[in-house]
Structures are given as structure tokens and as C-alpha cells.
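Here is a friendly note to read alongside the model. Please keep the 3D view open as you go through the points.

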Amino acid sequence: MDDLVGLAVIVILVVVAGAICGLIALVQLNGLKQEVAVLRAKVTHLQTHKPISQSEPQSEASTAQAALSRSEPIAHKTQPNLTSQSVSPPVINQPSAPPKKTKPAEASAIELLFNKLRAGFEQNWMTWIGAIALAFGGIFLAKYSLEAGLLSPVMRLSLGGLFGLGLIAAAAYLHHKRIVFEGFNNYIPAALASGGFITCFALTLLAYSSYDMLSPTVAFFALAIIAISASAMALRLGPLLAVLGIIGAYSVPIWVSTGSGNLFALFMYVGFVSLSAALVAHKVQRAWLWYLLWAGHIGWYLVGFTLLKINTVWLMGTFALLSIIGLIAIPSLGLKLNVIEHRPHSLKRLINVLPDHALLLAFIAPLIFTMLISHFDMQWQTIGVLSIVLMLFLVLKNSRWDIWQAVALASAALLVISAERTHLSPNLFDDALFIFKNEYGLGLLLGLLLTAFGLYYGKKQIKRLAFHITGAFSVFVMIATLYTLIPNFALSTAYPLWAVVLFVVAAILIKLAQHNTTLFQRFTYWVGANANITLAITMLLSDSGLTIALAVQVLLISVLIKRYSVPMPHWPIKALVAALLLRLTLSPWTPSYDALTVFGLHWSIVVYPLCIALFFAAAKCFDSSKLKIWLEGAALHCLALFITTETSYQLVGHYPQFDSLNFYEQILLTCNWLALGCVYLHRAKLAGTLAKLYQVAGFALAGLAGLFAIKTLLDDNPLFESLYIGELPIFNWLLLLWLVPAGLTLWLAKLVKPINAKATPFILAVAGGFILLAINSFIRQYWQGPYIYLSKGASNAELYSYSVIWLVMGAGTVIFGHLKNQLLIQKIGLGLLAAVIVKVFLIDMANLEGLLKALSFIGLGLSLVGLSWLFQKLRSRVNPV
């Protein structure tokens, strides 16, 4: 009984889905019928009333449109009366109602669809409820006969079968007599047939699961015949039966399973059902029937991978390739594959070829993934090569699939990766001919064949750019793939051959670039030649050589774009630059780069400055372009990486380890990140659409620098701990600890003011704190030497020097404020002077006695009087009376 309950649920879902689909078709046909009715009424009205004003037809049309939007049936006899009533003086003579206020009355597209569905259901609800009742009547009849024991099992099933067949026969009779038939709007026969097929389906399952009257094989074929018969009858009665037949046919292996795990039998059945469903969908012309077909076919294809064995690999590959032909190629190219299209298409149009791309990936991607995780053998190799050949063959048939050449190239690279096994056994590389065997021979052969394919058909069909790209980059991609797989100790054997192949292909591309008329073709060949030469040079260098080669490639592409004025989209260059920046960002913390050198120098000293120069040079090729800003930003990022990493490396011998930074690394990172934050904020003024990105990066760097500054002030402060700061006055670690950050903070305040003026006073206060700490620390370092912690005490000479220097600083600040007419600066200067006076009285003169104390007070008084006179003199010059 559980099977019957499950079947009932499936039946409900099928009928509801079919009802919705049928209602959509009904609404569309009813709309057309109503429009025809309106047009007929117009013709009748014009024939009977020839002298008609010009305003009446417009009102008729508006009335008809309003009637259609409300989904109200319009009768032929009453239509003239409706149109005559629509023209009324009160509606016209309403000057207070502007035309715009009538628009909100129009229903949205979703509301219109809902209203049409509701109207269609109101007109045909009895038909659909009757169909559902008939289907459940057959099911409940079988259930009742089983529970009551009225008849023998054979008689019960026979009567139920006769009932189902009777419904199907009645549907066929009504359709043949065309009693309620008009196009595909034949819902009563379709409803009757649906009830009959569902009844037969349920009775067959009952005979198999409850009575054990049928073997699994017989039940399987019986259910398949019922489902396929429903699909076949759908060609005459409409899409409702097509939904029932397709879902029922694909669900048969779920209901009836022999338990043998026979993958061949499953795929034979699924293929036959898909073929039948494709014929029905093509005949009925409903897009959603194709969706059901694709879902069922791909679903069972994916299930097949769970039953995969060593001896069924060829079966999976064959099924995938035949599915591509049957579900993609034949619907587009015809049964004989003779519908050929060679016209070129834009990249945007090539990308938007749906559902072909999605279907291809649905079959190829699981196949390639399984190949990557399975044991590679000749079966997989054959299937992989055949899939590449099939994709290229279909590309020749239809230019809309040109992008599949990229899929074929990617499949070739993955095929080589899946074949890679030999690196686990170094002894296999003793034979110098290994470069022609296994994955190395396969990769080289595929690269040359794809290159020849692209160049040959690119010459025949010049305007199809995909052929030129395949010809220019296939060898590059395949040898680059092999280069990533081969161990370092075996590279010396393979490099001569690979370099020769790369240089030969580059020479061919350069030669072809000089004898072609298409701009994109010349550009593609030039870039491909540069890529091959760059890869050949890269293999001679260490790991950082690839980074340099890619950066050189960015510059070469930029130069070619400028030289030939190629309107190339910017996203390929941006993608390449983004990959480079990711590589440059992660390299310092990659273990293989710790002891890496280039030309006898540590790699970061060479690579970062070279990439900065290459990016800036590439940016100069794009005048007033967004890509110019992008490349300059990449150069700034490289500069940030260089300053961040190299300063720490030169200082402590390794790159910054942020969880264990010492005192000196914190100082360097504070200065570096604060300076870079200011550079990014300054760059934001010229960045255009990237201004927000630069601002976020600038504030993030400034915030990190602030965190390190706070940590240094609280935890690693040389005024509180015994930390070595240097022997020389001024030119010691205090310069970078507080004075340089003070200057950068003043710059930061100037940059932040246009963005957030409220934050500027706080930043200026931070800068003042840095200046205060820097000057006092310099004075103390002069008297105390390399260690300035406060617990050492201070001499009288040191205390006096603070007063003298700050007295001069305060006076200078006041004078500068008067010259610039800045009241804030004057107040700061006066505050400094007041602090000095307090210090002199409380600290400096506290221990003086006799003549020294008198002379000190006399000197302080004379200084204050002199300053007062000087301030009055300056004030009179600035504000003359």
C-alpha cells in the first residue's frame, strides 16, 4: 500500500504540473480568440455603421484592451454595445485628472498572468477536476477490490485495466469525432486519456508489487510501454499527456528495479525514452517539455556514475558523446547534421548560446571529473580524445559553438593531468625518450594538433576569431601544463625540445601576423608568439621567472594594443594582472621562495621593482583609460609589497611574521603602511570609478599602522623599556618611531579633510602627540645615549635643554601662526609657552639657589618681555590700523 500512496503523490504532482502548463496554453489561445472576437465585432460595426467618427475606433480599441486585461469574455453580439458605451462625455470632460494618474490602474505582467490563469481555470475547472477524479477513481477501485476481496486478483486487475483502456478509447473517440476539438485546446479528451494512463500505470505496479504476478522485467517493459504510449498519444491530444508520459517513462526504473546494476540496459532504456520524448517535444512545440527531457536524461546519466566499473568506462563515455549528438547537435543541425552556419559572432553572443553550453558542460564536466579521480587507462584516454574531436567537429558545423574550442583545449589539459602518474617514479625519467611517452607525448601531440586545427581553419574562415585563438595558444597551454607537471630534475631533458617547439610556433605566428588583413587576427598571433617566447624563457629561470614573464606579457599586450589600435576588451588584461598580483602577494610567505635568488640577488629585490616598472610602462600605453588607473594601482600594490617585505627581510633576514614581530619590524611596518595609506588616498583623487576602492585600501593601511603605533607605545616603548635605539643623534630609530609618522599623519589629515572633516582634528591631535614624543625623545637620546628609558633619571642640563628647546618651539609656533593668520596655530604656540613656564617654575627652578636662581628668573622675565614686544610688532603688521 505504500507504493500506492507514493504513486498517488506522484500522480498529483504530475496532474498539477500538467494542469498549470495546459492552463498557460489555454490562456494564450483564449487571448487570441478574444482578440479575434474583438476584430470581428469591429468589422461588423464598420459594415453596419459606415459614417463613424474617428474617436470611436480608438475607444473601441481601448475598451477591448481593458477587457482583455481583466480577462473577461467578450461576446460577439454585445461587443458593439460595449464600444458605444465606452465613449462618454463625463470621462472626456475631467480636466482635473491628469493622464499620468491613469497608469497605475494598469496591472503588472505578473498580475495579468495570474488573472489569465484564474480565468482559464474558471472556464475549465470542471474538466480538470473530472480528470483527477477519474484517475483517483481507478486507483481507489483497485484499492477497494484488493481490501474487500470481492473478486480474484486477475479479475480485479482486468476490470481496472478495462476501465483505464475505456477512458483512453473514449478520449481517442472524442478526438477523432472532433466534438470539442480546436487546435491543442482539446482538454476533455486529454483529461480522459490522462486518467486512463494513470489507472493502467497504477494497476501494473499493483500487479508487480502486491500480487507478484509480474516479473521485474515484464513489469519494467509494461510500465515503459504505458508511459511511451502516453507520450505518443500526446502528439494528438496535447502537452498534458506529454508531461505525464515523460515523467512516467523516466520514473519507471525507480518503481521497478531488477537489482542487477545493468548499466547498459539502463542507458539503452533512457536513450529510447529520450528519443521518444524528443519527438514528442518537437511535435508539440512546448519548451518546458524539453526541460523535463533534459532533467530526466541528465539525471540518469549522473546516476550511471554511481554504477561505474572498470569494464563500463567505455559505456559512460559513449553515452555522454551520443547524448551530446542527440540532445544538442541534432536539434540544431538536423538529423543529417547538414544545417551549417559559418558566419562570425560577437563574444557576447557566443557566451549567451543557451541551453547548448549548459548541456555540453552537464555531460563533459562529470566525465572529466571522474577521469581525474579514477585510474587512468586506455579507455579514458580514448574517451577524452573522442570528446575533444566531437567538440571540434561540432564547431566546424556551427559557428555559434566557437567557444567550445576553449572547452576542448581545457579538456586536453585536464586529460594530460589525469594521465600524469610517472612523476612518482624517478627511475622512469632515466630514458631520455620519456618526453615522447605517456602524458608528455600526449600533451605535446594534442598541443600541435590543436594548433594546426586553429591555424588551418582560421585561414579558411578569417573572421572567426576563435580559430585564431586556438591556433595561437594551444601549444602554449599544453607545454605550460607539462611544465607544471614535470619534476625539476627532468626539466633539463625536456627543455630543449619544448623550447624548439615554442620558438618554431612563435616564428610561424609572427610570419602569419605579417600577412593577414584582419586586425584581431594580427593581434592574436602577436600575443600568442609573445606568450610562447615568454614561456620558453621562463623555463630557463626559477619560479620567479614565470612572474616576470607574465608581467612582460602584460607590457607586450599593452604595446600591441597601442600600436595597432585594437579595441580589445579590458577584462583579459585585468584578469592577468589580478592573477599576477595574487602570485606576488602570496610569494613572500611561500616556503619555496625563502632562499630563492635571481641573478645572485634575493628574488624580491629584483622581481618587485621590475614588476613596478613594467606595470607603469604598460599604464602609459593607455591614455585616459580605466585600464591605465588599474595598471597604476597594480604598480602601487607591488610597491606596497616591496616596501613591506623587503625592509623586514633586510632587517631580520625573513619576511614579516605578524604574530611575532619585534620592535624594529613594528616601526618599519608602521611607517610603510602609513605612507602607503596616504599614497592610496592621494591616488583616490584621480582614480575615477576606482576611488572608493583606493579609499578603502588607504584607510585600511592607515588603521593597521595605527594599531602597530599603539602597540609600540604601550608594549614596546623605549621610554619604558631597555630598547636599543641607536648611537647617532636624530638619525636613529626614534626618527622612524615618531617623527616620520608625525609627518605622515599631518599628510593623512590633509587627505582625510575632504572626505570626513570631523575626523581631521583627531588626526591632527595624533600628529601633535607624535611630534611631542619625537622632540622629547631626541633630547633625551642626546643626553642618555642609545637607551632612553625614564628609570635612568635626568640631569639638570637635560631638564634645562627641554625648557630652552620648547621655548624656542613655542615662540616659533606663535610667530608662524601670526604670519599665516591662523588662530589655532597661535593658540598651540601659546599653550607650549605656558607649559614651558609651568615647567620652569615647578621643575627647573625648584633646586636652584642664590645667584643662579635670580639669574634664571631674570632671564625668564626678559624672554617673556621680548616675546610680548615681538608679538605686538607682528600683530601691528598683520592688522594695521
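The numbered points below go from the overall picture to single residues and pairs.

1. First, some ground rules. This is a predicted model, in which local features need pLDDT of at least 70 and side-chain atom pairs count only at pLDDT 80 or more, while totals for chains, interfaces and linings use all residues. Residues are numbered from 1 along each chain as its sequence is written, and side-chain values use heavy atoms, with hydrogens and water left out.

2. Now the overall picture. The protein has 31 helices and 2 strands; these are DSSP runs numbered from the N terminus, with helices being H or I of at least four residues and strands E of at least two. Of the 881 residues, 46% are buried. Buried means under 20% relative accessible area, exposed means over 50%, and partly exposed is in between (1.4 Å probe, protein chains only).

3. How much of the contact in the protein links residues 24 or more positions apart? Among contacts with a separation of 6 or more, such residues account for 70%. A contact here means heavy atoms within 4.5 Å.

4. Please look at helix H17 (residues 438-460) and helix H19 (residues 488-513). They pack at an angle of about 5 degrees, and their axes are 13 Å apart. H17 is therefore roughly parallel to H19. Axes are lines fitted to C-alpha atoms, for helices over the stretch in contact, and angles run from 0 to 180 degrees between N-to-C directions. Angles under 35 degrees count as roughly parallel, over 145 as roughly antiparallel, 65 to 115 as roughly perpendicular and the rest as oblique.

5. Which residues make that contact? On H17 they include Tyr 440, Leu 444 and Thr 451, and on H19 they include Trp 498, Val 501 and Ile 508. The residues of this contact divide into 11 nonpolar, 1 polar and no charged. In this scheme Ala, Val, Leu, Ile, Met, Phe, Trp, Tyr, Cys and Pro count as nonpolar, Asp, Glu, Lys and Arg as charged, and the others, Gly among them, as polar.

6. Pro 569 sits in the loop between helix H21 (543-564) and helix H22 (571-586). Pro 569 is partly exposed, at 38% relative accessible area. Between Pro 569 and Leu 627 there are 9.9 Å in space, C-alpha to C-alpha, though the two are 58 residues apart in sequence.

7. A word on cysteines: the whole structure contains 0 disulfides, a disulfide being a pair of cysteine sulfur atoms within 2.5 Å. Cys 621 is buried at 15% relative accessible area, and Cys 678 is buried at 0%.

8. Side chains of opposite charge can pair when their charged atoms come close. The count of salt bridges is 7, each being a side-chain nitrogen of Lys or Arg within 4 Å of a carboxyl oxygen of Asp or Glu.

9. Lys 628 forms a salt bridge with Glu 632, with the closest N and O atoms 3.6 Å apart. Both are in helix H24 (residues 626-652), 4 residues apart, so about one helical turn separates them. Lys 628 is partly exposed at 22%, whereas Glu 632 is buried at 13%. Arg 683 also meets Glu 632 in a salt bridge (1.8 Å, N to O). Because Arg 683 lies in helix H25 (residues 663-684) and Glu 632 in helix H24, this pair ties together parts that are 51 residues apart in sequence.

10. Finally, Glu 798 and Arg 780 form a salt bridge, their closest N and O atoms being 2.9 Å apart. Both Glu 798 and Arg 780 are buried.
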